[in-house]
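We will go stop by stop, selecting a few residues at a time.

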Amino acid sequence: RLHPLLPIPGGEGPLGGLLDAAAATGTVGASPRRPEPVPLPRRFLGCPVHPEEPLQFFCLKCQCECVCAECVLNGDHRGHDVLNVREAVRRLPERAAELAAAARLRAEEIGGVAERVRE
């Protein structure tokens with residue numbers, strides 16, 4: 001016996017012949033019509049490890065580079081927390097500024113060491 005709240009073919013049950021009507025119109029199990037996917041112009045850089053994959057994530061654990069979906073799912077960044085690059089740009093501008101300042105400082109330090117080595 002079917003559940004009492006399920007529509008039963010032949011007009012029986014609390015919802016009557018709803019299933020019969022849906023079957024007649026071809027809407028049983030049909031999902032709403034969705035537009036076809038639209039190809040986007042290539043606006044991403046390719047992953048150095050998986051060149052066919054676009055760089056679209058920022059690894060929060062490593063904070064060193066952008067990574068592709070394959071790296072996140074099966075590669076070196078598997079299990080790491082990541083953000084979509086657009087979200088990372090929106091949420092992490094202060095971190096980007098910190099990293100840029102640290103890079104400038106490191107470059108100055110390396111320049112000083114190189115000068116001392118030349119002497």
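**Stop 1: the largest pocket**

Select Phe-58, Cys-66, Val-85, Ala-88, Val-89, Leu-92, Pro-93, Arg-95, Ala-96 and Leu-99; these residues line the largest pocket. Keep in mind that you are looking at a predicted model. The space in this pocket comes to about 160 Å³.

Now colour the selection by residue class. The lining has 9 nonpolar residues, 1 charged residue and no polar ones. Arg counts as charged, and Arg-95 is in the lining.

Next, show the helices. Which helices each supply at least two residues of the lining? They are helix H3, residues 85-91, and helix H4, residues 93-118. Which one gives the most? It is H4, with 4 residues.

**Stop 2: salt bridges on helix H3**

Stay on helix H3, which spans 85-91. Select Glu-87, Arg-90 and Arg-91, and show their side chains. These three residues are linked in a network of salt bridges. How many salt bridges does a search of the whole structure find? It finds 2.

Start with Glu-87 and Arg-90. They form a salt bridge, and their closest N and O atoms are 2.7 Å apart. The two residues sit 3 apart in helix H3, so about one helical turn separates them.

Then go to Glu-87 and Arg-91. Their side chains meet in a salt bridge at 3.8 Å, N to O. The cut-off for a salt bridge is within 4 Å. This pair is 4 residues apart in helix H3, so here too the separation is about one helical turn.

Is Arg-90 buried or exposed? Arg-90 counts as exposed, at 59% relative accessibility. The cut-off for exposed is over 50%. Arg-91 is partly exposed, with a relative accessible area of 45%. Glu-87 is also partly exposed, with a relative accessible area of 25%.

**Stop 3: the loop at Gln-63**

Where does Gln-63 lie? It lies in the loop between strand E1, residues 57-59, and strand E2, residues 66-67.

Check the backbone at Gln-63. Its phi is near 45 degrees, a positive value in a residue other than glycine.

Terms used
Residues are numbered from 1 along each chain as its sequence is written. This is a predicted model: local features need pLDDT of at least 70, side-chain atom pairs count only at pLDDT 80 or more; totals for chains, interfaces and linings use all residues. Side-chain values use heavy atoms; hydrogens and water are left out. On a 1 Å grid over the protein atoms alone, a cavity is a set of points where a 1.4 Å probe fits but cannot get out, and a pocket is an open set with protein on both sides within 12 Å along at least five of seven lines; lining residues have an atom within 4 Å of a point. Grid points are joined across faces, edges and corners, and a volume is the space filled by probe spheres set on the points. Buried means under 20% relative accessible area, exposed over 50%, partly exposed in between (1.4 Å probe, protein chains only).
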